[in-house]
Amino acid sequence: MDIRLSHEITKDSIVDGPGFRAVIWTQGCIHKCRGCHNQSTHDFNGGFVMDTEEIKEELRSLRLHKGISLSGGDPFEQPIPCIEIAKEAKSLGLDVWAYTGYNFEELINHKGLIYKEGWKELLEYVDVLVDGPFIMKEKNLLLRFRGSENQRIIDVKKSLAAKVVMIKKEYYDMEEIAMTI
């Protein structure tokens, strides 16, 4: 199965989630956030096509990695190939983080006007979701694993079970936690 990527897989990232991570940079994003640090990933026709089998092979060669991060672009623009990649990562004992400009509530609303086939299934393989568009006015370089204060770091398994967003509090400082309650 093909997937459009913007860059080669980044190995040994320490800024796209906890521990050593392999980052899969998807191509294509409808959000086109002003100030996005990955503007080259917005064009749906940009980047290059890669077979998911090649990506899975690269994942099998990882050593000392805690997980993978699906980023971009927006991985939820290509949910079906991302499901294949996330499934392989999980089978290898890796955790899966995903970054998206969509809100969690949009991703689970299968009756919503913007819902895409595969969103719910992809979420079932994601451990942590960083959701929401990057908002330049809320940019904060002191935040862990996200760029603007509106973005949330979500425990997907707990959120799907509770049907309400459950924040991963260990990635927030105490002041931020007080503001989300």
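Which residues does Phe-48 touch, not counting residues up to four places away in sequence? The views below start there. The model is predicted: local features need pLDDT of at least 70, side-chain atom pairs count only at pLDDT 80 or more, and totals for chains, interfaces and linings use all residues. Residues are numbered from 1 along each chain as its sequence is written, and side-chain values use heavy atoms, with hydrogens and water left out.

**View 1. Phe-48 and its contacts.** Phe-48 touches Ile-3, Arg-4, Leu-5, Ser-6, His-7 and Glu-8. Contact means heavy atoms within 4.5 Å. Phe-48 lies in strand β4, residues 48–51. Strands (E, at least two residues) and helices (H or I, at least four) are DSSP runs, numbered from the N terminus. Phe-48 counts as partly exposed because its relative accessibility is 30%. Buried means under 20% relative accessible area, exposed over 50%, and partly exposed in between (1.4 Å probe, protein chains only). Ile-14 is 34 residues from Phe-48 in sequence and 25 Å away in space, C-alpha to C-alpha.

**View 2. The open sheet.** Six strands line up in the order β2-β3-β5-β6-β7-β8, with mixed pairing. Two strands pair if DSSP finds at least two bridges between them. At the edges sit β2 (10–13) and β8 (152–155), each pairing on one side only.

**View 3. Strand β5 and its partners.** Strand β5 (residues 67–71) pairs with strand β3 (residues 21–25) in the parallel sense, over five bridges. Here Arg-21 stands opposite Gly-67. β5 also pairs in the parallel sense with strand β6 (residues 95–99), over four bridges. There Ile-68 stands opposite Val-96. Five of the five residues of β5 are buried, so β5 is largely enclosed by the rest of the structure. In a regular strand, side chains alternate between the two faces of the sheet. In β5, Gly-67, Ser-69 and Ser-71 point one way, while Ile-68 and Leu-70 point the other way.

**View 4. Helix α1 against helix α2.** The axes of α1 (residues 52–60) and α2 (residues 79–91) come within 10 Å and cross at roughly 20°. Axes are lines fitted to C-alpha atoms, for helices over the stretch in contact, and angles run from 0 to 180 degrees between N-to-C directions. That makes α1 roughly parallel to α2 (angles under 35 degrees count as roughly parallel). From α1, Thr-52, Ile-55, Lys-56, Leu-59 and Arg-60 meet Pro-81, Glu-84, Ile-85, Glu-88 and Ala-89 of α2.

Technical notes. Angles under 35 degrees count as roughly parallel, over 145 as roughly antiparallel, 65 to 115 as roughly perpendicular and the rest as oblique.
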